[in-house]
Amino acid sequence: MKKIISAFLCYAIFASIIAFCVGFFNFEVAPVPQSMEIIYKFSNGLIALFRTIPSICFTGFLLGCSIAFGDPATKTEHRFSPELGKVLKKLLFMAIAVTLVISLCSLVFLPYEEAKQQSRRNVPFILNDYTSLTLKYMRNKEPETALRYVDRALAIDPKNENLLELKREAELKRKEQEIDELREKSISYAETNLNEAKKLPDLFDESKMTVKDMIAKSREHLEANDFFAAHYFAVNATRLCKADDLGEASYLAEKAWEELQKVQMEGDTDGMIFFRKKLAGYNALINGNFVEAYYVFYGLSQEDARKERDPDVIRYLDLSQKRLLDSYFFIDETEDLSTFENVNNLYFTLPHAQGGGYDIILIRGVTEIEGSGGLVRYLRGLQIYSFDTSNNLLYTVKTPYAKMVAVKVSDLSDNDRRIYASDPSTKMIPEIKLCSLSRSHDDEKRLPEYDFLKNENPRESDKPTKFFWPIPYQNFTMIEHSFAGQLHLNPFLTRKLSDKAPDYGFSREGFSFAMMNKIFYPFMTLVFLIFISIIAWNYRLAAHAIFKFKWVFILPLFNLIFYFVKLAVEYIIRIMNFVFIAMAGVDLAILAGLAFYAILLGAMILTFLARKGD
Amino acid sequence: MKILKTVLLEVLGFFLLCVCGSVLGGFLFMLYGASTSYVVGGHLNVFLPETFLDGILICFPPIMLFVPMFRMLTLVRHESKNKLYGIITIAVLSLATWIFCVPICGKAIAVSNALEDKKPSELTPGYFRKMNGKMYYFNSITGNYFNALRFENDYSKRNEQDRTVELVKNRYFNFKRDAYGFSDSLVGDYLKPPTVVSKFFLGLVAMEKKTFEAASSGFLNWFRFSTIMLALLASCALISASVWRLVSTFWILLSTSLTIVLNYLYTDSFFDDLLKGFSSRGVFFEFVQLNFQVLMNFLIVIALVLSGILCMIFNNNHLSEIGDFDGDDL
C-alpha cells in the first residue's frame, strides 16, 4: 500500500506541476488588467490541472499498482486467495479516495474555476463601463454616484492609475458639493423654524394595527386638530371594521372630513393654497389614485424647505410612494443596469394559470439586485406572446423594463394561491410589474405595449400592469442558471425541475441527462480505477526487478491514452444515460444506472480477485 | 499437446474477441442509432435488430485492426513457453479473417442501407430548438409544415432592446439530420461527441470506406491494402521488449497506433504531394508510387522486427549480468 501511495503521489504531484505549468505559461495573452495577470495565469494553470487530473490519477494509479503488485504476486498462488482479498481491501480505500479527488476536481472545482475565469475575461469591459459611468456622473455633477462606480472599478483593479486619478477628482468634487450644500442648508434652516425641521413626524403604518387602535388614533389626532391623520385612520378603520365599530369609525371620519372642508374655505393665502393642494393629494390617496397622490406630495416637497418638512407632506408622500411601488417601480432603478446583467437572451414558456393556453416569454437581459438575496430582478426587453389552446396568438406585450419580485405564497389571497401556486411545496412565486414611472416628472412613464391583434377594443382588465407568473420562483432562478451555463448542483432540485421542463418549453431529458451524468461520474471513475488495477496486476513489475529511470518516459503516453479513453468511455456512458432516460424516465434510469454500476463494479472486483501470482 | 492447447486457446481468444467486440460495437451503434432517430418528448425505439446487425458489420473491420494488438497484449502477460505458436496462430487467423471476411462485410453493408442518409424523424412541437442560426418555438408540426414563433438569439445583439420576432404560419421546412446524424437538434446538443473522440471515430469511418473501396477494386489492390495487417502483426516482435510487462504493452500500443495513423494518412492522400512527381522519374519511382502502402508497411515490419531483436539481445545481456533471474518474462 505504501508503495502504491508513494508511486502514485510522486507521479501525480510531478504531472500536476507540469499540467499546471503548461496552463500557466501558455501563449495566451491574458485579456485582463496587469494587476490581475498573475491570478488569470494561475487560474489557467488550475483549469489545465483540473482537466487533466483524472488521467494523471489513472496513470499514477497504474504506475503505483504495477510496481506494488510484484510482492503480493509472489504470495498469491491461486485464484481468489485471501492475500489478494487483503490487497483489494486496501486498494478499494485508495480507489475511493482517488475517486473523491477526481470527482471534486471535475464536477466542482473545474466548473467553478472556468466560470471565474470567464468573469475575469469580462473585467476589461466591466472596467470600461465603470469608467464611462464615473465620467458620466462627474459630468452630471453627481460625484457621490461617480465615487460609487470608481470604487467598484478600483475593487477590481486597485492599482490602476487612471482610476485612482478619477477617484481623487470625484472626491474633490464631492467635497466642493458638500460645502455648497452646507451653505445652502444654513440659509434654508435660517428661514425655517429649526425645531420644526429637526422633528420628523411619525410615519404611518397601519398594517399591524387593529380597528380599535385605528379608532383610538383617529380620535387622538382629531383632538390634536390633525384632521388629515384623524380622517386617514377613521377611513381605514371603516374599511376593516365589523358592524359594532362601524358607527364610531364613520362618525370620526365624517367629523374629520367636515373639519377639513371648513379649513379649506378660509381664504386664499399661501398657507391655504398649500392646504388645498395637500387636500387634493390626500383625496387622491384615499380614493386609491396613488400615482396622482405621489406626484402632488412630491411636487409639494420640492417647492421649498418648509413644505418639504411639513408632517403631512412627509407622511402622505411616504404612504403614496409605498402604495405606488406595490404596482409600479421607478425608472431610475433600472439606470445603468444593462451593463451588469447576469444572463442574456433568456426564453421559456409558461402555461396560463387559467383557461389553458400558454405564454412564450423572451427576455433580453436579467439583472439580480445585489443585497436583495436574489428576490428582486429586473427584466430588460421583456416580450410576451400569449397563445390559446389551439395555438392561436391572442396578444403580445412588450416593455423596456419589468421588475420581478419574489412574493411569498403565504402572503397571497386564497384565490391567487389556488390559481398561481396550486403546488403546496411552492414557497414563492414571481410578481411582475410592467410599468415604470419617473420619480419626479408625472409625464415620464414607461408603459407596456399591448397588441391584441384582431380584438380592437380590449377591456382595461385585459391589460394588467402587474401579474403573477405561475412558476415557483426557484424554478425561474434554475432556468436562469441553466442559461448562464451553470446547472444547479443539487440533484433533487434538478430532478424536480426536470418534471416541469416541458411546461417551460425545454426537454425533460435535458435536465435529467445533465443530472445523471453528474450523479454517475464518481461510479464510472471508481469502476475505471478498479479496471486499471487489474491491468496493473497483469502487467506488474516482477518483485525482484529494479525500477529503471528510463521507464518513466512511457508514462506521458499512458497519460494521453487514459485522457482519450476516459473521454471516449464518458461519451459512451452519456449515450447510454440518455437512452435510459428517454426509454424509461429519469427515476428508472437512475435505478438502472445504479444496478449497472453495481454489476460492473462487482464484475471488476471478481475479475481482480480471480488474478493469480507468479 | 501443449502446442495444440496454445493454438486452441488462441483460436478461442481470437474468435471471442472478434465476436464480443463486434457485438458490443453493434450494441453501441444501435444505441447511437436510436438516439439519432429520437426526438425529445417522443418514443424511443432502442431494440432494432436491423440496426444491430448493421452495427456489427460496420464495427467488425475497425475491430479487426485492433484484434492483433489485444492478442499480443495477452501474450505479453502469459508466461507460456509456446509464444511462437501463439503468434503464428494469431497471424494466420488475423490475415485470413482480414483478407476474406472484411470484403464480405463490405458487400453486406453495401446491400443494407446502414451507411445511407436516413430520413429524419418527425419533430415534436412544444419545445425551443435552434435551426439555421435562429431559435424556434414550435407551436405545431405536421410533416414538413409547422407553425412557430421564430426569434433571433444572437448574443452579440444582447444590448438591443427588442428581439426580432416573427410568427411563422404553415411554413414548409425540409427537416434534416445534423452533422452527427441527429434528427432533433436538441438531442444533438446533448450528445455531440468531444472533438477528439469525434475525430477518432470519423478517422475510423474514413478508413473503413477506403478499406471497402480497396476490397472491391480487385485482388491486387486488396492485397496491397491488406499489408496493414502484416504491419500490425509485426508488433509481436515487441512482446518481450522489456522486463516490465507494462513497458512492453507501451511499445505494442505505440507501434499499433503509429501503423494505423500512417495508413490512415496514406488513405487520406497525405503523401500525395510527396509522391506526385514520382511517375515521371522512372520505372523504380513509378513502382514506389504504385506500391507505397506496401513498402511503408514492410518498412514498419522490418523496423519492428529489428527493434524486437535488439530489445531481446539487450534484455538477455542485462539479465545475464543480474545473474539468477529465472526470466519468466522473456
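In what order do the three strands of the open sheet in chain A stand? I looked this up before anything else; the model is a predicted one.

**Entry: sheet in chain A**

I read the order as E1-E7-E8, with mixed pairing. Strand E1 (329–330) and strand E8 (445–446) of chain A are at the edges, and each has a single partner strand, so one side of each is left without a neighbour in the sheet. I then looked at the pair E7(A) and E8(A). Strand E7 (residues 436–437) of chain A is joined to E8(A) by two bridges, and the two run antiparallel. For A:Ser436 I noted A:Arg446 as the bridge partner in E8(A).

**Entry: sheet in chain B**

I turned to chain B and found an open sheet of four strands, ordered E1-E2-E3-E4, with antiparallel pairing. Its edges are strand E1 (128–131) and strand E4 (165–172) of chain B; each has a single partner strand, so one side of each is left without a neighbour in the sheet. Ignoring direction, I have neighbouring strands of this sheet turned by 35° against each other on average. Strand E3 (residues 145–152) of chain B pairs with E4(B) in the antiparallel sense, over six bridges. One residue I followed was B:Phe151, whose bridge partner in E4(B) is B:Val165.

**Entry: H2(A) against H4(A)**

For helix H2 (residues 37–68) and helix H4 (residues 82–121), both of chain A, the axes come within 9 Å and cross at roughly 160°. That angle makes H2(A) roughly antiparallel to H4(A), since angles over 145 degrees count as such. I recorded the crossing of H2(A) and H4(A) as left-handed. Sorted by class, their contact has 19 nonpolar, four polar and five charged residues.

**Entry: H2(A) against H20(A)**

I kept H2(A) and looked at helix H20 (residues 555–609) of chain A. The axes of H2(A) and H20(A) come within 8 Å and cross at roughly 125°. H2(A) and H20(A) are therefore oblique to each other. H2(A) passes H20(A) in a right-handed crossing. On the H2(A) side I listed A:Arg51, A:Pro54, A:Ser55, A:Ile56, A:Phe58, A:Thr59, A:Leu62 and A:Leu63; in H20(A) they meet A:Leu555, A:Phe558, A:Asn559, A:Phe562, A:Tyr563 and A:Lys566. The contact of H2(A) with H20(A) has nine nonpolar, three polar and two charged residues.

**Entry: H5(B) against H6(B)**

In chain B I looked up helix H5 (residues 195–215) and helix H6 (residues 219–233), which pack at an angle of about 145° with their axes 8 Å apart. From H5(B) I noted B:Met207, B:Lys210, B:Thr211, B:Ala214 and B:Ala215, which meet B:Asn221, B:Trp222, B:Phe225 and B:Ile228 in H6(B). By class, the residues of this contact divide into six nonpolar, two polar and one charged.

**Entry: chain A against chain B**

How many residues does the contact take from chain A and from chain B? I have 60 residues from chain A and 60 residues from chain B. The area buried between the two chains is about 5,400 Å², and carbon and sulfur atoms give 68% of that.

Methods
Residues are numbered from 1 along each chain as its sequence is written. Chains are lettered from A and ligands numbered from 1 in the order in which they are written. This is a predicted model: local features need pLDDT of at least 70, side-chain atom pairs count only at pLDDT 80 or more; totals for chains, interfaces and linings use all residues. Side-chain values use heavy atoms; hydrogens and water are left out. Two strands pair if DSSP finds at least two bridges between them. Axes are lines fitted to C-alpha atoms, for helices over the stretch in contact, and angles run from 0 to 180 degrees between N-to-C directions. Angles under 35 degrees count as roughly parallel, over 145 as roughly antiparallel, 65 to 115 as roughly perpendicular and the rest as oblique. A crossing is left-handed if the near helix is turned anticlockwise from the far one by less than a right angle, and right-handed if clockwise. Ala, Val, Leu, Ile, Met, Phe, Trp, Tyr, Cys and Pro count as nonpolar, Asp, Glu, Lys and Arg as charged, and the others, Gly among them, as polar. Contact means heavy atoms within 4.5 Å. Buried area is the accessible area (1.4 Å probe) that two parts lose on being put together, summed over both.
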